[in-house]
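Here is a note for a colleague who is meeting this structure for the first time. Please keep the model open while reading, and check each point against it.

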Amino acid sequence: MNSLLLGSFPNKASLVAPGSYAPTTASWPKRKIKKEYNFLRFKQSSLVFRCEGIEGGPTCQECNRKHIVKATSGQSFESEPPAFDSKRILTSVKNSLDAFYRFSRPHTVIGTALSIVSVSLLAVQKSSDISPLFFTGVLEAVVAALFMNIYIVGLNQLSDIEIDKINKPYLPLASGEYSVGTGVTIVASFSFLSFWLGWIVGSWPLFWALFISFVLGTAYSIDVPLLRWKRFAVLAAMCILAVRAVIVQLAFFLHMQTHVYKRPVVFSRPLIFATAFMSFFSVVIALFKDIPDIEGDRIFGIQSFSVRLGQQRVFWICVSLLEVAYGVALMVGAASPCLWSKIITGTGHAAMALILWFRAKSVDFKNKASITSFYMFIWKLFYAEYLLIPLVR
């Protein structure tokens, strides 16, 4: 039986086909070393790519091929994170700029810059006045005023965080993009920069314009006893009227007239017109800005005219005031001794009066977006007026 069982298994020699090479005993160590090398290489590759395999990434064969290609080209996986980080940094910078853009309330920034340039042109008496000296004086005034503008609108947002969560949730402080500490830092920095620039320029009209704007802007917003004048409709309107209609027109004109050109103080016909017209416009802005925000103002006890009189009534008061202002501007243009000034200012004010009326008729008072859009349209009329003011002669 044993011999039969043994005879049923082939011997070692029979396993080798005729004419083939039969491995010798000396070749076995080499085969063992090669197997161990292949096993270690496979184990290393599997460790490197195990996470990718678990996450549904490429297969082991694909990973090995990728590893071989990278090793051949001299690249490593550590070269990828810097590209990712640069993209993340770029996105972060973009988001930061967007947040600051909203924080600065760009429609007020544009209005401030345009008004200063326009009023500065009223001091120009001859073509030679348009010189590097003129542009330097305008730049000094615009930069210092924009810094103060950011302080004023930033302080208002710091004081109205809870209200803005209802009225303007897109603002950085209301949305949580900015912390209170960040807001305080921005506001304090820009107020300091504004006063510093006004001081080193050495123009007293410019410095007093910044100081009065600072006082009125602080009194308007900050929530301390006897202040926060925005709670009272008349005081709120007077703050905006004083800054937009009086300070901007007179102080920045005098900055150019006395500091830049070294000329005596004069109050020309165009300057008087600009001050009177912008008084109407400033009252309209002061009244209209509260119309879209009536919900939050009512909840937090801000007694604006819109809360007390109603949205529609205040809306048509604003439209009527602007139409009266355009009517006065038409008469001023008609009385101008300069033909080209008469034609341009008359045509321009008539066109804006008609556009205002037809646009007002299309406002839906049940739709906050429609009211807000019309408010921004009023700011566009504000910009357009400052394009016409230098042409009033």
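This is a predicted model: local features need pLDDT of at least 70, side-chain atom pairs count only at pLDDT 80 or more; totals for chains, interfaces and linings use all residues.

1. Residues are numbered from 1 along each chain as its sequence is written, and side-chain values use heavy atoms, with hydrogens and water left out.

2. Helices are DSSP runs (H or I, at least four residues), numbered from the N terminus.

3. Helix 10 holds both Val 215 and Ser 213. Val 215 counts as partly exposed because its relative accessibility is 38%, whereas Ser 213, at 9%, counts as buried; buried means under 20% relative accessible area, exposed over 50%, and partly exposed in between. The side chain of Ser 213 reaches the backbone oxygen of Ala 209 at 2.7 Å. Not counting residues up to four places away in sequence, Ser 213 touches Met 148, Ile 152, Val 243 and Ile 247, where contact means heavy atoms within 4.5 Å.

4. Helix 15 (residues 311–334) has 24 residues and spans 35 Å from its first C-alpha to its last, which is close to the 34 Å expected at 1.5 Å a residue; the expected span is 1.5 Å times one less than the number of residues. Its buried residues include Val 314, Phe 315, Leu 322 and Tyr 326, and among the elements that cover the buried residues of helix 15 are helix 12 (269–288) and helix 17 (368–388).

5. How many salt bridges does a search of the whole structure find? The search finds 10, a salt bridge being a side-chain nitrogen of Lys or Arg within 4 Å of a carboxyl oxygen of Asp or Glu. One joins the side chains of Glu 177 and Arg 102 (2.9 Å, N to O). This pair links distant parts of the chain, 75 residues apart, with Glu 177 in the loop between helix 8 (172–175) and helix 9 and Arg 102 in helix 4 (residues 80–103). Asp 98, Arg 102 and Glu 177 are linked in a network of salt bridges.

6. Another salt bridge joins the side chains of Asp 160 and Arg 228 (2.7 Å, N to O). Asp 160 lies in the loop between helix 6 (132–159) and helix 7 (161–167) and Arg 228 in the loop between helix 10 and helix 11 (233–260), so the pair ties together parts that are 68 residues apart in sequence. Asp 160 is buried at 3% relative accessibility, and Arg 228 is buried at 5%.

7. Ser 336 is found in the loop between helix 15 and helix 16, and it is buried, with a relative accessible area of 3%. A polar atom of the side chain of Ser 336 lies 2.7 Å from the backbone oxygen of Arg 393.

Conventions:
Helices (H or I, at least four residues) and strands (E, at least two) are DSSP runs, numbered from the N terminus. Buried means under 20% relative accessible area, exposed over 50%, partly exposed in between (1.4 Å probe, protein chains only). A polar contact is a pair of N or O atoms within 3.5 Å; within protein, one must be able to donate a hydrogen and the other to accept it, and residues adjacent in sequence count only if both atoms are side-chain atoms.
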